[in-house]
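Here are my notes for a colleague who is new to this structure. Please read them with the sequence and the model open.

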Amino acid sequence: MTALDIFTTEFAPNRLGEIFNERIVHSHTVGKDGVHPSLFAQSLDVGLQRISDRARAGSYNFTTFKQKLVLKGPDKAPRQISVATVRDRVALRALTNVLMSVFPDARVPPAHYIVDEVAALIAPLADDYSFIQIDIRNFYPTVRHDQLLRRLRTRIRHKPLLNLIMQAVCTPTSATKESKANTIGIPQGLSISNILSSIYMMRFDEFARSRFAYFRYVDDILIVCPTADAKRNYRLIQRRLAQIGLECHRLEDKTKTKIVPLSRGVDYLGFHLAPKITSVRESSYRRIIDKVMTVMTGVKFNANHAKILTRLNLKITGCIFDGRRMGWMFFFSMTDDLKQLQRLDSFITKTWHRLGMNQFGTPKRFVKAYHEINFNLASSRYIPRFDEYSTDQKIDLIATMMVIDRLVVANWAIERINRKFFQLIRKEVAELEKDITPLS
């Protein structure tokens, strides 16, 4: 199929409806126009037809994105996240689908795939090899629009499609009514952001892979090469990034840009990677403890102990929902350091006992979840499979999470039970996803 064929298919009203129902209807995110997904759904057919007609006619206009600031830590400027309206989120997801079909080789691989590759590569190596770790400075905000358009044109000729993509990129993000077109950079936080940044980096990635053992996840680059060549290779990468308008932190800046021997290891994508062992990096480990502690100390403010135990168990085991594996242990199941997991289990057991919660049940265990994921996932019932829940199980969960008598929930219409179940699970799953991002 050509880019035009894919564009036409993805922007057909029925396909846009599937996108809305699969991706947006259960969310509560509101853009600058203040329209909630439930309100948009009241005139869904009209709204989807308007998106389809205007996109294909080349007259679609995005609403200014709402600004959301995310703290990155002390002494660091916050990251600006762009929040689109419901209508624009439908259009952006459709555009993302188009780009992933036209540029399948630019899809961002899951982070744990990259970690697995790196771990396998370095396992037999010694300190005659080194890591080069490179952090690109202000990656998304410094992407050049002219170069991005040039890369898009290599496979897309249809002008309305190109214009729609570039209009999304140029739409400003603002906390006020005043705004001006964005002339450089890709807005962060949109469904289209990652695939566009990956398309932008495709030629650079090809160059780097032809010369080194090279890995990249968004703006975090990792290279494994002979120690004797490391500084020369770093300078080469630095020059090539500059050619496409990107700047990496210097080695002297004492940032994440560094050259280190393999035996010392590096923190990358949530892990500490070294030839002898792959472990959860210290900051990620502390984050898990903080999240678990937040759930457990909720007992001081919430008498619903069954809900607290349910949420705690979900943090520990993760779940399978919408056919996807969610949660810490699915991501960190590649660790070799089981002592870390044992310490987590010990911490939870002691804290649960100290809070006087033993009478309400026993929390699940990270070590058990690790073994179930790695050796028994196909038949395991230790990990919740929400896609397979019966109506009775859904009723039980709703009653627990909402502190409602089970008989009351059992009298609801099946549609209401299903709707409320998916709302509750999606909220919890969103928390699980947030727990392991950002990874770097």
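1. Helix 2 (residues 13–24) packs against helix 5 (residues 86–102) at an angle of about 105°, and their axes are 10 Å apart. Helix 2 is therefore roughly perpendicular to helix 5. Helices (H or I, at least four residues) and strands (E, at least two) are DSSP runs, numbered from the N terminus. Axes are lines fitted to C-alpha atoms, for helices over the stretch in contact, and angles run from 0 to 180 degrees between N-to-C directions. Angles under 35 degrees count as roughly parallel, over 145 as roughly antiparallel, 65 to 115 as roughly perpendicular and the rest as oblique.

2. A word on the source. This is a predicted model, where local features need pLDDT of at least 70 and side-chain atom pairs count only at pLDDT 80 or more, while totals for chains, interfaces and linings use all residues. Residues are numbered from 1 along each chain as its sequence is written, and side-chain values use heavy atoms, with hydrogens and water left out.

3. Which residues form the contact of helix 2 with helix 5? Helix 2 brings R15, L16, I19, F20, R23 and I24. Helix 5 brings V86, R89, V90, R93, A94 and N97. Contact means heavy atoms within 4.5 Å. By class, seven of these residues are nonpolar, one is polar and four are charged. Here Ala, Val, Leu, Ile, Met, Phe, Trp, Tyr, Cys and Pro count as nonpolar, Asp, Glu, Lys and Arg as charged, and the others, Gly among them, as polar.

4. Look next at D88, in helix 5. D88 counts as buried, at 0% relative accessibility. Buried means under 20% relative accessible area, exposed over 50%, partly exposed in between (1.4 Å probe, protein chains only). Leaving aside neighbours within four places in sequence, D88 is in contact with Y60, N61, F62 and T63. V70 is 18 residues from D88 in sequence and 22 Å away in space, C-alpha to C-alpha.

5. T85 sits in the loop between strand 2 (79–83) and helix 5. T85 is buried, at 1% relative accessibility. Residues up to four places away in sequence aside, T85 touches G31, K32, D33 and T63. T63 is also among the contacts of D88.

6. The largest nonpolar core has 69 residues. F11, L99 and L152 have the most contacts inside that core. A nonpolar core is a set of buried Ala, Val, Leu, Ile, Met, Phe, Trp, Tyr and Cys residues joined through side-chain atoms within 4.5 Å. Beyond four places in sequence, the contacts of F11 include L16, I51, A55, A91, L95 and L164. Another core lies apart, with 46 residues, among them V260, F330, Y382 and I383.

7. How do helix 14 (residues 338–354) and helix 15 (residues 366–375) meet? Their axes come within 8 Å and cross at roughly 135°. Helix 14 is therefore oblique to helix 15. L338, L341, Q342, L344, D345 and I348 in helix 14 meet F366, V367, Y370 and H371 in helix 15. By class, this contact has seven nonpolar, two polar and one charged residues.

8. K364 is in the loop between helix 14 and helix 15. K364 is partly exposed, with a relative accessible area of 23%. Leaving out residues up to four places away in sequence, K364 touches N313, I316, T317 and Y382. K364 and N313 are 51 residues apart in sequence, yet 5.6 Å apart in space, C-alpha to C-alpha.

9. Check two backbone angles. Most residues other than glycine have a negative phi. V218 is not a glycine, but has a positive phi of about 60°. V218 lies in the loop between strand 5 (213–217) and strand 6 (220–226), and is buried at 16% relative accessibility. D322 also is not a glycine, and has a positive phi of about 55°. D322 lies in the loop between strand 12 (319–321) and strand 13 (324–326), and is partly exposed at 42% relative accessibility.

10. C170 is partly exposed, at 27% relative accessible area, whereas C319 is buried, at 0%.
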